[in-house]
Structure formats: C-alpha cells, structure tokens
Amino acid sequence: MDLPDVLARYDGTERIQFMSASAHDVFGIDVSACIGKSIAELGLPPAAHDALRSVLRDAGTSGKQAQAEFSMTVDQVERHMLVVGAREPIRNGADDVTRSVLVAIHDVSRAAAETQHRDCLAREKQAQKNAEAAERSRDQFLAMVSHELRSPLNGIQSWAHVLESVVAMDQPLVKRALDGIKTGVRQQTHLIEGLLDATKILGGKLNLATRPYAFNEVVAAALENLHAEANDKNVTMTFNSELSDDRMNGDAERVQLVVWNLLSNAIKFTDSGGDVRITASHDGREICLSVQDNGIGLASENLPVLFEPLYQVDCSYKRGTSGMGLGLAVSRCIAEAHGGRITCSSEGIGHGSTFSAHFPCA
C-alpha cells in the first residue's frame with residue numbers, strides 16, 4: 001500500500017508556511033508545531049532532509065521544477081520517495097510579491113517496483129533470445145563440423161575396403177594395418193555421434209526413433225564393431241545371454257551406442273590379457289546388460305560423479321586412457337530416455353568394475 005502524499009509550502013527563507021496532515025503519517029511530524037520552522041528543525045531522516053533541501057535550493061534558484069529521490073523505512077518496509085518542488089509567486093498587494101516553493105512528496109515504491117519488474121522481464125526476454133540464438137549457432141556449427149568430419153572418414157573407409165579387396169590378406173602386417181584403419185574410422189564415427197548426442201541431450205532435444213528391435217542383435221553389433229580394438233589390446237570378450245528372441249521397443253541405434261560406450265570403456269581400462277564379460281538377463285520387468293572387466297577399477301570417490309558430463313576419472317597412473325568424458329553421460333541420458341538406468345560398482349583400484357544398463361521390457 002502506498003503512503004499518502006505530503007504537501008508543503010516554504011517561504012523564501014526555507015521556513016514552513018504550510019504542511020499537510022499526512023506529514024504526521026509519513027514522517028511522524030507534529031504538523032501544528034512545525035509552522036515557521038526550518039528544514040533542519042523538522043527532524044527528518046538524513047536522506048529525506050538532503051533531498052528536500054536540494055529541491056528547495058534548485059527550485060528557488062532556477063524558478064523551474066526540481067526533483068530528487070530518497071529511500072526511507074516505514075513499518076520495516078523500504079519506501080522510495082520522490083520530492084517535486086516548484087517556485088510559486090504569491091501577491092500580497094499591488095506591488096508586493098513574495099516567492100515561496102510548493103513541494104510535494106510522493107511514495108513511488110509501487111511504480112519503482114513495477115519499473116524494476118518490467119526491466120527484469122525485458123532482461124530475461126533478451127537473455128532468452130540470446131541463449132536461443134547461441135543454441136542455434138551451436139547446433140549449426142556442430143552439424144557443419146560433423147559433416148566435415150564424416151566426409152573424409154567415409155572416404156578413408158571406402159578406400160580401406162578397396163585395399164582389402166585387392167591386397168593379399170595373407171600378409172599379417174597389411175591385414176593389421178587395414179584393421180587398424182577401419183577401427184579408427186569406427187571410433188571417430190562414434191565420437192562424432194556421441195558429441196552430437198551430448199549436445200542434443202544438454203539442450204533437451206534428444207528424440208528417440210522408437211521401433212521394435214532385438215536386444216541380442218544390438219549387443220552383437222556393438223561387439224562386432226569393437227572386435228578389432230579388443231584384439232589389438234589382447235582383451236578377451238565373452239557374451240552370454242539368457243534372452244531368446246526378446247524384442248523391445250526403443251531406439252536401436254541409441255541403445256547400441258550405450259552398449260558400445262560401456263564395452264569401449266571396459267576394453268580401454270583393461271590391461272592386455274584381461275577379460276571383459278558381457279551378460280544379458282531379464283526378470284520379466286526389465287532387461288539388464290552387465291559389462292564386467294578385471295581392469296584398473298574405480299576409487300569409491302569416483303562413483304557418485306562418474307556419469308557427469310565431461311567428467312574424467314584421474315588416470316595419471318594409467319596412460320593412454322583419456323577421452324572426452326561424454327560417453328557415460330550420454331549413455332545414462334539415453335537409458336533414462338528409455339525409462340531405464342545405468343549403474344556402476346567397483347571394489348576399488350585394481351579390482352575391475354561392473355557397469356549395468358537396465359531397460360524396461362515393455
């Protein structure tokens with residue numbers, strides 16, 4: 001609720017000629033006793049005194065309207081007050097003119113709050129426009145970069161197939177070189193897809209192409225894509241499935257990316273000669289894919305933040321295992337978009353780790 005306006009008239013010596021009764025409600029002034037007093041004698045708050053003194057001086061000197069603002073606390077509520085003053089000639093006789101200053105003090109708290117609210121909304125709207133423009137620019141940039149990166153990868157992959165068809169594959173070094181090229185292409189392709197997925201997820205724009213698919217086939221495809229990488233590290237992968245022909249509804253390509261990320265991590269953090277065991281099971285409500293390795297394992301402090309975007313486990317004791325820190329974050333978001341989840345457990349450094357991806361059957 002706004003405070004009432006206070007009206008006052010001051011003579012040329014800045015002494016009160018008139019003061020409205022509302023001055024008592026606003027400032028606690030005894031109106032009947034203030035006539036003839038100066039500003040300093042009113043006992044106003046310092047901010048009010050300075051603003052009123054400034055208006056009287058400016059209006060009295062220039063003859064034009066003057067104004068000033070101040071803040072004061074009334075009933076534990078901060079109020080913003082506006083002081084407006086103008087010189088007013090008063091004719092007492094034919095040639096006798098005295099000059100006084102008429103002053104009005106307004107409570108502009110509500111107007112100030114509304115102005116502040118409008119300014120805040122305008123800033124929020126502009127910030128939203130800027131964020132949307134930045135997001136569009138980012139999406140366009142990533143689309144262009146992904147296209148530019150995929151084009152040479154497609155060429156490399158095509159020429160690798162050409163070489164594979166014309167070069168004698170009984171030469172171990174040639175075969176290893178071609179396998180390495182194809183593995184590198186697949187890895188880069190997955191990195192590009194992971195980067196694009198991460199961008200969509202962080203922007204809340206991940207759309208699933210839902211259709212029926214066979215879960216075992218998805219896992220087998222991921223295993224095939226990582227077969228060469230596992231062989232290069234001399235890591236053995238075994239897959240045991242309790243599923244027969246379980247078909248699920250979901251985005252098969254996204255689910256395959258989840259499986260690929262989990263398997264790739266397991267291979268990456270497993271020493272030469274190690275094992276990665278993959279099992280698929282179901283309990284009637286959900287399918288669980290478990291990826292267990294006997295690699296370097298995880299410290300307990302890493303587990304709570306393992307799936308955060310761009311988080312990387314400290315692998316200073318294990319060289320050559322860094323990445324973008326997006327694979328697990330993307331995998332978790334894809335699983336959750338399907339109504340599932342991903343969990344991780346480890347008994348500590350040197351004891352391997354187990355990642356489990358759960359997807360609803362229906």
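Trainee: Which residues are buried in H2?
Mentor: In H2, the buried ones are Ala-48, Ala-51, Leu-52, Ser-54, Val-55, Leu-56 and Ala-59. Keep in mind that this is a predicted model.

Trainee: What happens just after H2?
Mentor: Gly-63 comes there, with a positive phi of about 80°.

Trainee: OK, zooming out. How many helices and strands does the chain have?
Mentor: Eight helices and twelve strands. Of the 362 residues, 38% are buried. The accessible surface is about 20400 Å², and carbon and sulfur atoms account for 51% of that.

Trainee: Switching to sheets: what's the strand order in the open sheet of five strands?
Mentor: The order is S7-S9-S10-S12-S11, and the pairing is mixed.

Trainee: Which strands stand at the edges?
Mentor: Those are S7 (236-241) and S11 (341-345). Each has a single partner strand, so one side of each has no neighbour in the sheet. From one strand to the next, the twist averages 15°.

Trainee: How do S7 and S9 pair, then?
Mentor: In the parallel sense, over six bridges, with S9 being residues 275-282. Ser-241 stands opposite Ala-280 in S9.

Trainee: Which strands does helix H8 lie across?
Mentor: S11 and S12. H8 is residues 327-337 and runs at about 135° to S11.

Trainee: New topic: how many aromatic pairs are there?
Mentor: The count comes to one aromatic pair. The rings belong to Phe-215 and Phe-359, with centres 6.1 Å apart and planes at 55°, so the pair is tilted.

Trainee: Where do those two Phe residues sit in the chain?
Mentor: Phe-215 is in helix H5 (residues 215-225) and Phe-359 is in strand S12 (residues 353-360). They are 144 residues apart, so this pair links distant parts of the chain.

Trainee: Are Phe-215 and Phe-359 buried or exposed?
Mentor: Both Phe-215 and Phe-359 are buried.

Trainee: Last one: what share of contacts between residues at least 6 apart in sequence join residues at least 24 apart?
Mentor: That share is 61%.

Methods. Residues are numbered from 1 along each chain as its sequence is written. This is a predicted model: local features need pLDDT of at least 70, side-chain atom pairs count only at pLDDT 80 or more; totals for chains, interfaces and linings use all residues. Side-chain values use heavy atoms; hydrogens and water are left out. Rings of Phe, Tyr and Trp (its six-membered ring) pair if their centres lie within 6.5 Å; planes under 30 degrees apart count as stacked, over 60 as edge-to-face and the rest as tilted. Helices (H or I, at least four residues) and strands (E, at least two) are DSSP runs, numbered from the N terminus. Buried means under 20% relative accessible area, exposed over 50%, partly exposed in between (1.4 Å probe, protein chains only). Two strands pair if DSSP finds at least two bridges between them. Axes are lines fitted to C-alpha atoms, for helices over the stretch in contact, and angles run from 0 to 180 degrees between N-to-C directions. Contact means heavy atoms within 4.5 Å. Accessible areas come from the Shrake-Rupley method with a 1.4 Å probe; for residues, only the protein chains shown count as cover.
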